[in-house]
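Me: Could you walk me through this structure? I'd like to go from the whole chain down to single residues.

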Amino acid sequence: MINPASRTKTIELSLIRKMFEATKPGAINLGIGEPDFDVPQNIKDAMKKSIDENDTHYSPNKGYIELREEITKKFKKDNDIKTNPENIIVTVGASEALFASTQAFIEKGDEVLLPNPSFLLYESVINLAGGNIIPVDCKMENEFKLKAEDVEEKITDKTKAIILNSPSNPTGAVMEKDDIKAIADLSMDKNFLIISDEIYEKIIYDKKHYSPAKYSDNVITINGFSKTYAMTGLRVGYLTANDEHTEEIFKIHQNSIACANSTAQRGAIEALTGPQDEVNKMVNEFKNRRDLIVKRLNEIGYETVNAEGAFYVFPKIEDKDFVKKAANAGVVTVSGAAFGSNGEGHVRMSYANSYENIEKAMNILEERVVNG
């Protein structure tokens with residue numbers, strides 16, 4: 001056997017994907033973070049037109065200029081971030097943006113602050129870059145929200161970056177404006193980078209989203225079309241940063257990906273410029289599902305924070321065999337331990353499934369796992 005590179009030893013295959021692939025036929029999947037809605041018709045039509053017109057060749061490395069212009073407008077309107085098309089890179093999903101950003105800036109010995117719990121991809125991209133992870137506790141008593149004072153305590157002269165994710169996967173927590181601003185101020189005072197993953201920005205209930213790049217120049221802002229427009233398989237993400245940061249990230253992007261899918265980019269232009277009715281309907285439906293799953297879990301006896309964004313809940317479930325019992329009963333969930341040590345004693349459930357299926361899943365859990 002040919003020995004693999006040592007960097008791969010730091011990486012484990014996704015527990016979420018393992019659960020997804022092991023799903024029994026007919027099981028209700030509350031494990032995967034993918035909207036169960038279809039891509040809106042106007043976006044489909046734009047992509048079909050692109051193919052019919054043979055617009056299927058390489059795009060510019062950074063993405064079509066028309067798309068980057070629309071993303072620039074979106075950043076100004078939605079996030080109060082002043083950028084320009086040259087400082088936008090269209091990526092193969094937000095995942096590539098995260099990988100390219102960490103490859104461009106993180107190296108051996110650098111400390112990267114990471115909320116605990118957080119999405120497992122963050123740990124992987126930091127490890128692949130050779131960085132040292134410094135966990136920052138996000139506690140249930142604070143509704144899993146990252147607090148600026150906890151971040152400040154962890155900063156050292158080796159701190160190179162922090163990864164923020166609000167709304168959060170796996171907890172659904174939405175950070176408060178004061179904490180976002182305070183961490184942004186720290187990034188300028190202490191000279192470290194904020195990598196802000198804002199992929200769930202539009203899926204938020206009764207709160208407002210704030211971008212740290214509004215308050216700091218040391219920010220890479222990452223977003224995409226997967227969650228907001230149900231375009232998960234089309235793999236279109238994007239990022240913006242200042243001139244110097246963008247140039248370094250572009251080196252990684254250009255020499256690994258070349259460019260994002262041209263047809264999907266045409267769909268992304270339509271997503272930004274077309275009607276947003278389907279997005280609003282989807283968010284309203286997610287809110288209904290959130291209300292249902294939180295209510296039922298609390299009634300069953302699993303303490304659950306009323307998640308304010310994304311489409312996940314993170315109930316406190318201390319039965320170590322719960323995930324296995326639930327799967328055997330026909331409901332797929334993910335152990336909270338997959339997301340960091342503070343995930344121990346919790347389970348992530350996605351409500352990116354139909355209202356009816358969530359009702360059925362809760363009935364199964366109550367009858368066959370809790371009372372069975």
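Me: Before that, what kind of model is it, and how are residues numbered?

Reply: This is a predicted model, in which local features need pLDDT of at least 70 and side-chain atom pairs count only at pLDDT 80 or more, while totals for chains, interfaces and linings use all residues. Residues are numbered from 1 along each chain as its sequence is written, and side-chain values use heavy atoms, with hydrogens and water left out.

Me: OK, how many helices and strands does the chain have?

Reply: The chain has 12 helices and 12 strands, counted as DSSP runs (H or I of at least four residues for helices, E of at least two for strands) and numbered from the N terminus.

Me: And what share of the chain is buried?

Reply: Buried residues make up 55% of the 372 residues, where buried means under 20% relative accessible area, exposed over 50% and partly exposed in between, with a 1.4 Å probe and protein chains only.

Me: Let's turn to helix 2. Which of its residues are buried?

Reply: In helix 2 the buried residues are Ile43, Ala46, Met47 and Ser50. They cover an arc of only 95° around the axis (taken from the directions from the helix axis to the C-beta atoms), which puts them on the same side of helix 2.

Me: What do they pack against?

Reply: The buried residues of helix 2 pack against helix 9 (262-273), with contact meaning heavy atoms within 4.5 Å.

Me: And what follows helix 2?

Reply: Helix 2 is followed by asparagine 54, whose phi is positive, near 60°.

Me: Switching to strands, what is the order in the open sheet of three?

Reply: That open sheet has the order 9-12-11 with antiparallel pairing, and two strands pair if DSSP finds at least two bridges between them. Strand 9 (312-313) and strand 11 (334-335) stand at the edges with a single partner strand each, so one side of each is left without a neighbour in the sheet.

Me: Which residue is the bridge partner of tyrosine 312?

Reply: Tyrosine 312 has serine 350 in strand 12 as its bridge partner.

Me: Last one, alanine 230: where is it, and is it buried or exposed?

Reply: Alanine 230 lies in the loop between strand 7 (219-224) and strand 8 (237-240), and because its relative accessibility is 10%, alanine 230 counts as buried. Leaving aside residues up to four places away in sequence, alanine 230 touches Pro35, Phe37, Asp38, Val39 and Phe225.
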